[in-house]
Protein chains: 2
Amino acid sequence: MYLTQPLHRAVINHPDRIAVRFGQRQATFAEFAERVARLAAALQALGVQTGDRVAILALNSDRYLEYMMAVPWAGAVLNPCNIRWSVAENRYALEDSGTQVLLVDDAFASAAQELRGHSSVLRELVYIGDGSTPQGMRHYETLLQQHAPVPDAVRRGSDLAGIFYTGGTTGFPKGVMLSHNNMVSSGMQARAEQLVTPGGSYLHVAPMFHLADIGVAQAHWLEGNTHVILPMFNPEQVLAAIERDRVTDTLLVPTMIQMLVDHPAMREPRDLGSLRQIIYGASPISEAVLERAFQVLPGVGFVQAYGMTELSPLATINSAYNHSPEGRALGKLRSAGRSCYCSEVRVVDGEDNEVPRGTVGEVVVRGPGVMLGYWNKPEATAQAVQGGWMHTGDGAYMDQDGYIFIVDRMKDMIISGGENVYSVEVENALAQHPEVAACAVIGIPSEQWGESVHAVVVPKPGHKPSADALIAHCKTLIAGYKCPRSIELRDALPLSGAGKVLKTKLREPHWAALERQVA
Amino acid sequence: MYLTQPLHRAVINHPDRIAVRFGQRQATFAEFAERVARLAAALQALGVQTGDRVAILALNSDRYLEYMMAVPWAGAVLNPCNIRWSVAENRYALEDSGTQVLLVDDAFASAAQELRGHSSVLRELVYIGDGSTPQGMRHYETLLQQHAPVPDAVRRGSDLAGIFYTGGTTGFPKGVMLSHNNMVSSGMQARAEQLVTPGGSYLHVAPMFHLADIGVAQAHWLEGNTHVILPMFNPEQVLAAIERDRVTDTLLVPTMIQMLVDHPAMREPRDLGSLRQIIYGASPISEAVLERAFQVLPGVGFVQAYGMTELSPLATINSAYNHSPEGRALGKLRSAGRSCYCSEVRVVDGEDNEVPRGTVGEVVVRGPGVMLGYWNKPEATAQAVQGGWMHTGDGAYMDQDGYIFIVDRMKDMIISGGENVYSVEVENALAQHPEVAACAVIGIPSEQWGESVHAVVVPKPGHKPSADALIAHCKTLIAGYKCPRSIELRDALPLSGAGKVLKTKLREPHWAALERQVA
């Protein structure tokens with residue numbers, strides 16, 4: 001299997017169908033394939049060799065989609081940068097992967113100059129924006145004009161297709177190496193799970209560097225569907241794009257769904273009837289948001305996908321039926337779903353033995369999506385993948401029907417007085433307090449309990465709830481041993497590039513102190 | 001990907017669902033998996049090592065299905081024998097593959113004894129029948145009782161999964177080596193193409209040694225569906241099984257569909273309402289048969305699948321819609337369909353250049369189903385697979401929508417006076433003559449024309465049509481240069497094990513004479 005195969009197939013079967021729409025621009029599959037083959041030629045002319053990494057740092061666009069196909073077409077390796085990362089983080093990723101060529105748009109032109117200034121290997125910047133080309137950069141459209149199409153290099157199977165840097169929440173970024181088989185198999189699983197509407201249009205709203213979008217897009221590539229692209233999430237633009245371009249499918253995170261359904265623009269008269277399906281991930285959706293979504297988007301199916309970059313990314317699916325009013329009676333709405341077609345999912349203890357159903361353990365996954373490994377990190381790879389099983393680090397239990405319910409990141413689980421406390425559960429309780437804007441719960445060292453439950457709370461503006469009041473509130477919702485023993489107020493939580501709370505940073509000072517004592 | 005993965009997944013997600021029904025016997029997925037793990041243990045105890053071939057020569061049964069899973073579970077390689085082949089042909093396949101262990105049922109017990117008698121390597125026969133165990137054979141159920149389940153060896157990816165002997169029509173049999181990825185990817189394509197009904201039951205009617213059944217069954221494995229098994233095709237038993245076991249999907253060849261819809265038992269009152277889909281292959285279905293099928297099986301979708309053992313087997317699909325009364329207006333009914341999700345299909349000339357749409361050339365296919373190669377035949381492999389493209393040997397043209405229309409086997413195409421004559425077209429004309437029961441058209445040497453069109457005709461009992469009358473009949477239907485120049489009458493045509501006409505045998509005497517002249 002290979003990433004470019006669906007493009008060849010689309011050119012044979014329906015060359016004149018629209019492949020991509022972005023703002024006022026659009027291209028048929030035949031036109032798109034020609035541009036891809038020209039960009040591949042240009043990359044090769046810039047010195048890109050088989051297996052070389054080519055990066056991009058940009059908001060979503062049609063040119064981003066061309067990059068996604070042209071890099072494998074040229075025989076090279078994808079390395080899309082995280083647009084939420086700092087220059088320092090992306091510099092690390094580019095240096096670590098030895099990337100020499102970077103595509104960049106207007107939003108990141110100055111960041112790219114900075115990256116090149118600090119880099120020992122980055123030598124070519126290609127400007128994919130629409131303004132005047134910044135100094136020292138190549139002009140994208142000129143490159144395409146200058147280079148005649150080259151044949152597809154057809155790298156495939158277990159050949160390296162991309163390096164995807166991840167790991168903001170767990171310390172230093174790691175480059176996840178995915179093969180062509182990894183990525184296409186994930187798309188095939190999504191297709192087999194009916195996550196795409198045949199003959200439809202997929203709206204890219206989530207950032208295109210992320211495997212969530214890449215994975216679902218792959219399924220739409222396989223189907224030969226049209227790609228409609230927005231630079232980033234914006235509720236009004238999403239609604240306008242659905243209406244204008246007859247979008248059938250999209251991928252959002254629950255927060256975006258909530259922002260969309262509660263947006264005033266949603267109440268204006270619109271024809272959103274083309275929309276069939278919203279895939280979401282990252283966390284379960286609240287029943288309240290789902291109810292409101294059903295009201296404003298009747299006929300739309302909601303499907304949860306669970307996975308991670310290391311799984312290319314798909315592991316489990318919670319079906320649209322389980323979200324429907326009838327299906328919800330099955331009680332699976334809070335589940336991340338169950339294993340996809342080609343995947344095995346198990347919940348295991350520290351010795352990799354399967355735990356009884358209903359018992360919390362670590363989620364491990366085996367299947368064609370499991371990464372080749374972490375780039376230049378054989379020990380981290382050996383720790384993560386054992387006997388073909390990817391150890392996700394997620395804590396969950398499985399019910400009798402094979403559905404998994406994620407309770408926490410394993411390392412976010414607090415063991416206090418011998419009892420497991422799931423930080424998510426405590427956070428859910430705290431979040432229901434009217435004066436709490438955000439919160440994070442961690443375990444800190446305790447002589448008496450081993451670990452003790454500690455909460456970091458960001459109050460709503462103008463509020464300053466007392467620790468006693470917050471703890472008393474929690475006691476009305478969860479068992480006493482789960483409630484925080486200590487609480488600190490802060491103005492903000494440290495966030496990763498992907499917007500996840502960096503609990504490592506919150507834990508650090510507490511455990512560093514202990515380490516100093518021990519030393 | 002690996003063949004046993006869907007079994008593990010089924011055991012996790014729905015251990016109590018019925019995995020298989022055969023006559024009065026049935027087993028849940030949990031029971032089935034335990035039997036598979038016991039059979040794997042027994043095979044290992046019989047000396048089967050990782051990568052060893054294990055054969056089976058039997059009619060369809062639940063034990064056949066256990067064999068299909070237990071062999072990969074034990075880390076070994078499938079080698080199912082063609083039940084239509086002679087002892088000599090199967091002996092060649094077993095010797096060529098160095099197979100030491102053969103499972104055999106009542107229908108082939110004596111053939112198996114003969115095979116062992118003549119073989120230098122075959123040393124163990126396992127009797128899977130229900131009678132008393134023939135001398136010198138192991139008793140299947142006793143083996144299962146004696147051996148505790150072993151863990152799955154989990155051979156996967158590009159590991160060899162099976163050797164499937166093929167090639168009755170093209171000379172000496174060749175062992176097609178398929179990997180786990182080959183076989184599972186074909187199943188995933190079938191699943192993505194909606195060739196299975198979720199939560200349904202698949203009726204094995206076609207012989208289980210054949211990749212047609214194996215490929216569709218693979219998709220049902222991925223879906224976690226129930227397998228209902230008949231020993232062989234029998235119209236009354238098919239109807240009874242559909243009704244009794246609520247069968248949703250099956251695979252038949254057009255002749256079987258015709259026999260089914262025209263059978264008197266079809267007119268008895270029955271509830272066949274569970275049936276959703278019939279996959280067929282080998283040749284297009286006639287519109288007349290399709291019409292009758294729609295009448296007696298309303299609501300059933302007909303889908304054509306085209307492929308070959310070397311493609312694991314799927315290459316193209318002609319959808320149910322194209323068979324429906326509305327869809328037939330598109331004019332695709334005579335097509336073999338267009339490329340499946342992960343496959344590229346092209347029509348090329350002798351230099352592997354794509355020919356214009358509408359022009360006949362050879363069908364070549366690239367994708368995850370392309371075989372590893374022919375067992376111990378590197379030259380034949382290099383000839384068949386070039387640059388990842390499997391050269392099918394089938395002649396076809398492609399229309400503007402990517403649909404291929406098979407006209408002939410390439411080598412069955414006759415070039416007469418510089419004009420291409422497709423034997424199928426001439427045969428279709430001859431077959432419409434009221435006195436013709438069967439016929440085959442070949443090219444024979446001609447000084448004047450290079451090749452000349454020659455027909456071998458089997459008349460209907462009691463008839464003896466003249467060559468002139470037959471040629472005159474053809475002239476009313478097809479162009480003069482396509483009509484036979486010579487005709488011979490015979491009592492029967494030489495057939496391969498799979499029931500295809502052996503044109504090599506018909507051609508031999510004509511060309512051998514020429515070769516003698518040349519020499």
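Visitor: How many of the 17 residues of α2(B) are buried?

Guide: A residue counts as buried if 20 or more other C-beta atoms lie within 10 Å of its own. This is a predicted model, and in it twelve of the 17 residues of α2(B) are buried, so the helix is largely enclosed by the rest of the structure.

Visitor: Which residues of α2(B) are buried?

Guide: Among them are Phe29(B), Phe32(B) and Ala33(B). The list also includes the run from Arg35(B) through Val36(B), Ala37(B), Arg38(B), Leu39(B), Ala40(B), Ala41(B) and Ala42(B) to Leu43(B).

Visitor: What span should helix α2 of chain B have, and how far apart are its end C-alpha atoms?

Guide: The expected span is 1.5 Å times one less than the number of residues. For the 17 residues of α2(B), residues 29–45, that should give 24 Å, and the end C-alpha atoms are 24 Å apart, so the two agree. Just after this helix, Gly47(B) takes a positive phi of about 100°.

Visitor: At what angle do α2(B) and α3(B) pack?

Guide: The angle between α2(B) and α3(B), residues 62–73, is about 60°, and their axes are 8 Å apart. The two helices are therefore oblique to each other. Their crossing is right-handed.

Visitor: Which residues make that contact between α2(B) and α3(B)?

Guide: On α2(B) the contact uses Arg35(B), Val36(B), Ala37(B), Leu39(B), Ala40(B) and Leu43(B). On α3(B) it uses Glu66(B), Met69(B), Ala70(B) and Trp73(B). By class, eight of these residues are nonpolar, none polar and two charged.

Visitor: How do α10(A) and α11(A) pack in chain A?

Guide: α10(A), residues 254–261, and α11(A), residues 287–296, pack at about 50° with their axes 10 Å apart. They are therefore oblique to each other, and their crossing is left-handed. Pro254(A), Ile257(A), Gln258(A) and Val261(A) of α10(A) meet Val289(A), Arg292(A), Ala293(A) and Val296(A) of α11(A). Six residues of this contact are nonpolar, one is polar and one is charged.

Visitor: How many residues of chain A are in contact with chain B?

Guide: Contact here is a matter of distance, with C-beta atoms within 7 Å. By that test, 22 residues of chain A are in contact with 21 residues of chain B. On the chain A side, the elements that give two or more residues are α1 (5–13), α7 (180–192) and β16 (338–339). That side divides into ten nonpolar, seven polar and five charged residues.

How values were computed: Residues numbered from 1 in each chain as written. Chains lettered and ligands numbered in written order. Predicted model: local features only at pLDDT ≥ 70, side-chain atom pairs only at ≥ 80, totals over all residues. Contact = placed C-beta atoms within 7 Å. Helix = DSSP H or I, 4+ residues; strand = E, 2+ residues; numbered from the N terminus. Nonpolar A, V, L, I, M, F, W, Y, C, P; charged D, E, K, R; others polar. Axes fitted to C-alpha atoms, helices over the stretch in contact; angles between N-to-C directions. Parallel < 35°, antiparallel > 145°, perpendicular 65-115°, else oblique. Left-handed = near helix turned anticlockwise from the far one by under 90°.
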